[in-house]
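Visitor: I have a model open and a few quick questions. Can we go through it together?

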Amino acid sequence: MRIRSFGTKAVALVVTAMGVVACGDGTSAEEDFAQRLTGKYQRLSPVPAPGGGTAYLRQTLTIEASPSPDTVTQTLTTEAFLDQALTQQVLKYDSKGPCKVARPSSIPGGFEVDCTNDSSILTVFTTNPDLLQGLGLDDCGLTSGVPKDVSNGCAAPTFLVSACVDQDVFALSGDGRRFSWGDQTQDRCVRRSTELEPDVFDRIG
């Protein structure tokens with residue numbers, strides 16, 4: 001969802017200005033955005049499978065409020081399946097951590113967020129050595145059906161766990177039904193995304 005029209009510049013200026021004023025109920029723009037973020041979002045994406053063919057990723061994003069009003073807790077569950085009917089599950093990856101809403105982004109509808117990762121748990125449902133090697137997971141000592149802490153980085157680059165502050169952008173559509181991350185191909189340890197990912201999450205709760 002890359003937005004490149006002239007009119008977005010004016011919208012971005014308005015959104016940026018909102019960051020320096022309080023909302024009508026006494027909350028800041030950052031706190032208001034954090035409140036609107038809370039919910040559950042999901043997307044399904046076809047991806048190339050190791051050895052050819054197509055696999056499917058179901059990503060479920062849960063955003064919860066935290067004791068700090070301008071911070072949310074982000075939980076991402078990524079499930080990989082070998083079939084579009086989502087019956088042949090290969091793995092499940094759960095990551096969780098806090099995200100502080102820092103300031104409005106130049107991307108309309110977006111706010112800059114700083115996230116850290118507190119938990120990275122991987123569960124595989126097959127121990128096929130060729131498949132695990134193709135996924136880059138063969139160094140993790142995985143047992144089928146047993147959750148494994150992979151915060152030591154053994155699952156990289158498939159699941160890259162970094163110790164840095166993740167400089168990202170969160171964006172919501174005007175009706176709050178669609179959620180977008182910043183471009184995830186950027187090295188967010190170094191720089192913040194300046195565009196949104198083309199694939200969005202739909203709110204399911």
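Guide: Let's begin with a cysteine pair. The torsion about the S-S bond of cysteine 140 and cysteine 154 is about 115 degrees, so this disulfide is right-handed. Keep in mind that the model is predicted.

Visitor: Where do cysteine 140 and cysteine 154 sit in the chain?

Guide: Cysteine 140 is in the loop between α3 (129-134) and β7 (148-149). Cysteine 154 is in the loop between β7 and β8. The pair links distant parts of the chain, 14 residues apart.

Visitor: How far apart are the sulfur atoms of cysteine 140 and cysteine 154?

Guide: They are 2.2 Å apart.

Visitor: And are cysteine 140 and cysteine 154 buried or exposed?

Guide: Cysteine 140 is buried, and cysteine 154 is buried too.

Visitor: How many disulfides does the structure hold?

Guide: It holds 3 disulfides. Counting bonded cysteines along the chain, the pattern is 1-2, 3-4, 5-6.

Visitor: What about cysteine 99? Which cysteine forms a disulfide with it?

Guide: Cysteine 115, with the sulfur atoms 2.2 Å apart. The S-S torsion of cysteine 99 and cysteine 115 is about 115 degrees, so this link is right-handed.

Visitor: Buried or exposed, cysteine 99 and cysteine 115?

Guide: Cysteine 99 is buried, at a relative accessible area of 1%. Cysteine 115 is buried as well, at 5%.

Visitor: Now cysteine 164. Which cysteine is joined to it?

Guide: Cysteine 189, with S to S at 1.9 Å. The link of cysteine 164 and cysteine 189 is left-handed, with -65 degrees about the S-S bond. Cysteine 164 lies in the loop between β7 and β8, and cysteine 189 in the loop between β9 and β10 (201-203), so the pair ties together parts 25 residues apart in sequence.

Visitor: How many bridges join β5 to β8?

Guide: There are 6, and the two strands run antiparallel.

Visitor: Last topic, the largest nonpolar core. Which residues touch the most other members?

Guide: Leu37, Leu61, Phe170 and Phe179, out of 19 residues in that core. Elements giving two or more residues include α2 (29-37), β2 (54-65), β3 (71-81), β8 (166-172) and β9 (178-181). α2 gives the most, with 4 residues.

Visitor: What does leucine 37 touch?

Guide: Leaving out residues up to four places away in sequence, leucine 37 touches Ile63, Val72, Val101, Phe170, Leu172, Phe179 and Arg203. Another core, of 17 residues, lies apart from the largest one. Its members include Val90, Val124, Leu142 and Val150.

Technical notes. Residues numbered from 1 in each chain as written. Predicted model: local features only at pLDDT ≥ 70, side-chain atom pairs only at ≥ 80, totals over all residues. Heavy atoms only, no water. Core = buried A, V, L, I, M, F, W, Y, C linked by side-chain atoms within 4.5 Å. Buried < 20%, exposed > 50% of the residue type's maximum accessible area, 1.4 Å probe, protein only. Contact = heavy atoms within 4.5 Å. Pairing = 2+ DSSP bridges. Disulfide = S-S within 2.5 Å.
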